[in-house]
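Biologist: Hi! I'm new to this one, could you walk me through it?
Modeller: Happy to, let's bring it up on the screen.

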Amino acid sequence: MAAKTFSGGVQVPHYKELTEHLPIREGPRPTEVVIPLSQHTGAPCEPTVRRGERVLVGQKVGDSEAFVSAPVHASVSGKVVAIEPRPHPLGGEVLAVVIESDGEFAVHPEVKPLGPLEELSPEQIKRMLRESGMVGLGGAAFPTAVKVSPPEGKHIDVFLLNGAECEPYLTADHRLMVEHPEDVVLGMRALMKALGVGRGIVCVEDNKPDAIEAMKKATMPHSELEVAVCRTKYPQGSEKQLIKAVLGREVPPPPGLPLDVGVVVNNVGTAWAVARALTTGLPLVERVITVTGPCVAQPANLLVRIGTPFSSVVDFCGGFASAPAKIIMGGPMMGVAQRGLEVPVIKGTSGLLLLPEEDALAQQPQPCIRCGRCVEACPMGLLPLLLAAYAEQGRFEEAESLRALNCMECGSCSYICPARRPLVHAIRVAKADIMARLRARRK
Ligand code: SF4
Ligand code: SF4
């Protein structure tokens, strides 16, 4: 059967050969962790511990009463040495709980495995998701308990497990599917049970044949599960493109959501983390990340404790092979550039990418030659050249009328542009202005 796909998008070099065959290893045992009180979509947490207090692995150190939020937990045992603003990988400084490890990694006594999935009610699973601080590990870090609680009147009939991992370089989800397919399936079934959904589809790009095979085998005993093979194309892992490719359904423009077309999407890393929380009782205190790029001495897929400094992760991988000119949290298309390595791994850290100067240098933009390649590449059916032109001229209302807010900042247009126009950057500026005006109107 032909692999499923969507219109638009770009073919990008994968660069996954650096790590795709490397088994997941346990990462560094940090001497100090920095747990930001905001590392998810929604309200930041308030600290629930005090400076000087001893904490154990899995103990809650921050929480919020807001519906859209997720508690944060200690990933090491030791002493809280500070609660203060610290640099955050998404920019600026954020209040964080700093814990000095005692080297024991002692687990809190209340951390206990939950009963078998068959014996848990949907409400018990939702409570576990909330209390474990579970968020989407694909990057957006949206609280999972909220995602599996659709508003009244929204009927969800399909759950998609996103194993596309379409960003170049990243291989953490790939390795989870190859090495832990049964756990990924257990987490997927738990999420489906919480939602009350009877059909689940694991979606994998066709450049991961070993993952496809492993997931087909693991889903075989479960008649409600199937595997869909998607054509390798960027941004196949974007929710809207995945839904279109696999189900043929169109998610309405913003504020439309997948649940408007009866779908919830979650990624492979999240399903695996849900299974871990069920079988060990441990909240979300660690995750698998890919550490990669030409400047890393020993690229790796690592299980890393949340709060571990990027510098410790790079040291664990043998340090630099050569001095990096660019450090990115995530992949090269949608990742976040970093100023240095002093920030911590957070729940949304899918990878750490270190690039040399030749890959990092922004080329000098040339005038637009009106080739139309950005239009062909845009998976949202937008006109990036016009959006960017309006943004550069400060004509934000015209950019708004051309649906600038539909842009998901995937970077396909900038990637394909032969004139190296900074299209996404310009569109981002327009979106920020439009959003500011919308917020002002609502006040
Ligand atoms: S791809 Fe670049 S050069 Fe071609 S139309 Fe778009 S902005 Fe212009
Ligand atoms: S306009 Fe936005 S959605 Fe379209 S290709 Fe560019 S970044 Fe992606």
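**A strand and its neighbours**

Modeller: Let's begin with a pair of strands: β13, residues 286-292, and β17 run parallel and are joined by three bridges. Keep in mind as we go that this is a predicted model.

Biologist: Thanks! In β17, which residue is the bridge partner of T292?

Modeller: That is L353, which sits in β17 as the bridge partner of T292.

Biologist: And how many bridges join β15 to β17?

Modeller: Four bridges join them, and here the strands run antiparallel; β15 covers residues 326-329. One pairing to look for is M329 with L352, its bridge partner in β17.

Biologist: Is β17 mostly covered or mostly open?

Modeller: Mostly covered: β17 spans residues 351-355, and five of its five residues are buried.

Biologist: Which residues lie on each of the faces of β17?

Modeller: One side has G351, L353 and L355, while the other has L352 and L354. Both faces are covered, with each of these residues buried.

Biologist: Let's switch to the ligands. How many residues surround ligand 1?

Modeller: Ligand 1 has 14 residues around it, and the closest are C368, C371, C374, L385 and C417.

Biologist: What does that shell around ligand 1 look like by class?

Modeller: It has 10 nonpolar residues, one polar residue and three charged ones.

Biologist: And which residues are closest to ligand 2?

Modeller: Those are C378, C407, C410, S412 and C413, out of 15 residues that surround ligand 2. By class, the shell around ligand 2 has 12 nonpolar, two polar and one charged residues.

Biologist: Which helices each supply at least two residues of the shell around ligand 2?

Modeller: Two to look at are α13, residues 412-416, and α14, residues 423-442. The largest share comes from α14, with three residues of the shell.

Biologist: Nice. Now zooming out, what does the domain assignment of the chain give?

Modeller: The assignment gives domain 1 at 112-280 and domain 2 at 373-442. Their C-alpha centres lie 30 Å apart.

Biologist: How many residues of each domain are in contact with the other?

Modeller: Six residues of domain 1 are in contact with seven residues of domain 2. On the domain 1 side that touches domain 2, four residues are nonpolar, two are polar and none are charged.

Technical notes:
Residues numbered from 1 in each chain as written. Chains lettered and ligands numbered in written order. Predicted model: local features only at pLDDT ≥ 70, side-chain atom pairs only at ≥ 80, totals over all residues. Near = placed C-beta within 6 Å. Nonpolar A, V, L, I, M, F, W, Y, C, P; charged D, E, K, R; others polar. Buried ≥ 20, exposed ≤ 12 C-beta atoms within 10 Å, placed from the backbone. Pairing = 2+ DSSP bridges. Domains from an automatic or database assignment. Contact = placed C-beta atoms within 7 Å.
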